[in-house]
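Here are a few exercises to work through with the model open beside you. Try each task before you read its solution.

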Amino acid sequence: RGDDGACEGGTGVRGSEKVEEPNEEDLEVIGSDYEAWVASQFRDEWIARYSARFGSFDDTTRLCPMRFTDEPAPGYTAFPMGTLQVFSVKVAGIKRGLQWPLDVFGFVAVRDSIDKNRKIIFSRTRNNCQTLTEKDRYLVLTGPTRAVVLPPYVTVEVKLTIKGPTESEDKELSFLAVRLFGRQGTRYSYQFRRYKTSKVRTLEFAVGHIVESVEATIFVRVIDGSWPDSCCGQFAAFSTGVREKGFRTIDNQKIVLLDSRREKVLVTSDGEIELSRRVVSVAKRGTLKVYVKSWGWETSKSKKNYCG
């Protein structure tokens, strides 16, 4: 249990559930990469328990956002709940001879108690890597596509690979499955960080437990004129909640929806900004603010000039 009251674990189970003892082959794997063994065990346990009901282990959630925007939820099937807000995922450190920059591909996903399937929050193919540098180590998140329910816990899956000159020279950066637990019975939203360290890297997860929350789906559209081709942009959301003394507040913690950096902002024919992600969790007694910043890029001077 951390100093913020949230705790984490691997695929270990509680109560009357049993964990199989590792065999000799498992012990060899554990000795070389414990986290990879835990992730493999999680996959085997999931298939045995949930595949008959939820399909393939690799399936993503079929539940979309805004399910009850136009029509009310049947009976008492929808109400404010505790959720997990993912603020950022960062490669906080590297070792074993790895050097910046890193071209990274793979995925980061979360699973909750609603449908047991993956909610993708980062996904890149080998042909569309993200380049991480010593100054910019954050993954560009693209999800989740719906709110992630917490408590009792969520499982975070990570499978990231460093692209080499050829596929045979690719190197594994991270392969893990870890549980994040929320504080049962808490009345206040709070944020916390979790670190997972292996032989080659340290990952940092910045997340928040948002109590009695609802799902907000954000759209940004230019309704007067058009978005200037010369302007880059950053779109972000901020939410507030009821504070509790001694815990890190979620207030004003940035949730990046799109950061075009030096790239052109993509806009549809009807003026809608193509955000990287658009679903955030907001406490029932909290507020939501959407922040838009734009700037022009002068390549000759290599600096930002604000234009809106």
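**Exercise 1. A charged pair**

What kind of contact do the side chains of arginine 43 and aspartate 58 meet in? Keep in mind that you're looking at a predicted model.

*Solution.* 
Step 1. Start with the general idea: side chains of opposite charge can pair when their charged atoms come close.
Step 2. Check the distance. From N to O, arginine 43 and aspartate 58 are 3.7 Å apart, and their side chains form a salt bridge. The cut-off for such a bridge is 4 Å.
Step 3. Arginine 43 sits in helix α2 (residues 34-54) and aspartate 58 in the loop between α2 and β2, so the bridge ties together parts 15 residues apart in sequence.
Step 4. Arginine 43 is partly exposed because its relative accessibility is 34%. Aspartate 58 is partly exposed too, at 41% relative accessibility.

**Exercise 2. Two more bridges**

Work out where the partners of two further salt bridges lie, and whether they are buried or partly exposed.

*Solution.* 
Step 1. Take glutamate 157 and arginine 118, whose closest N and O atoms are 3.1 Å apart in a salt bridge. This pair links distant parts of the chain, 39 residues apart: glutamate 157 belongs to strand β7 (residues 153-162), while arginine 118 is in the loop between β3 (102-111) and β4 (119-124). Both glutamate 157 and arginine 118 are buried.
Step 2. Now take glutamate 272 and arginine 221, which meet in a salt bridge at 3.2 Å, N to O. Here 51 residues separate the partners: glutamate 272 is in the loop between β12 (255-259) and β13, and arginine 221 is in the loop between β10 and β11 (231-239).
Step 3. Compare each value with the limits. Glutamate 272 is buried because its relative accessibility is 16%, with the cut-off for buried at under 20%. Arginine 221, at 43%, counts as partly exposed.
Step 4. Zoom out. The count for the model comes to 18 salt bridges, and Arg43, Asp58, Arg111, Arg118 and Glu157 are linked in a network of them.

**Exercise 3. Inside or outside?**

Decide whether leucine 176 and valine 292 are buried or partly exposed.

*Solution.* 
Step 1. Leucine 176 is in strand β8 (residues 171-181). This leucine is buried, because its relative accessible area is 3%.
Step 2. Valine 292 is in strand β14 (residues 288-298). With a relative accessible area of 41%, valine 292 is partly exposed.
Step 3. Check the neighbours of valine 292: Leu288, Val290 and Val292 form a nonpolar surface patch with about 210 Å² of accessible area together.

Note on methods
Residues are numbered from 1 along each chain as its sequence is written. This is a predicted model: local features need pLDDT of at least 70, side-chain atom pairs count only at pLDDT 80 or more; totals for chains, interfaces and linings use all residues. Side-chain values use heavy atoms; hydrogens and water are left out. Patches are made of residues with over 30% relative accessible area and no salt bridge: like charges are joined within 9 Å, nonpolar side chains (Val, Leu, Ile, Met, Phe, Trp, Tyr) within 5 Å. Accessible areas come from the Shrake-Rupley method with a 1.4 Å probe; for residues, only the protein chains shown count as cover. Helices (H or I, at least four residues) and strands (E, at least two) are DSSP runs, numbered from the N terminus. Buried means under 20% relative accessible area, exposed over 50%, partly exposed in between (1.4 Å probe, protein chains only).
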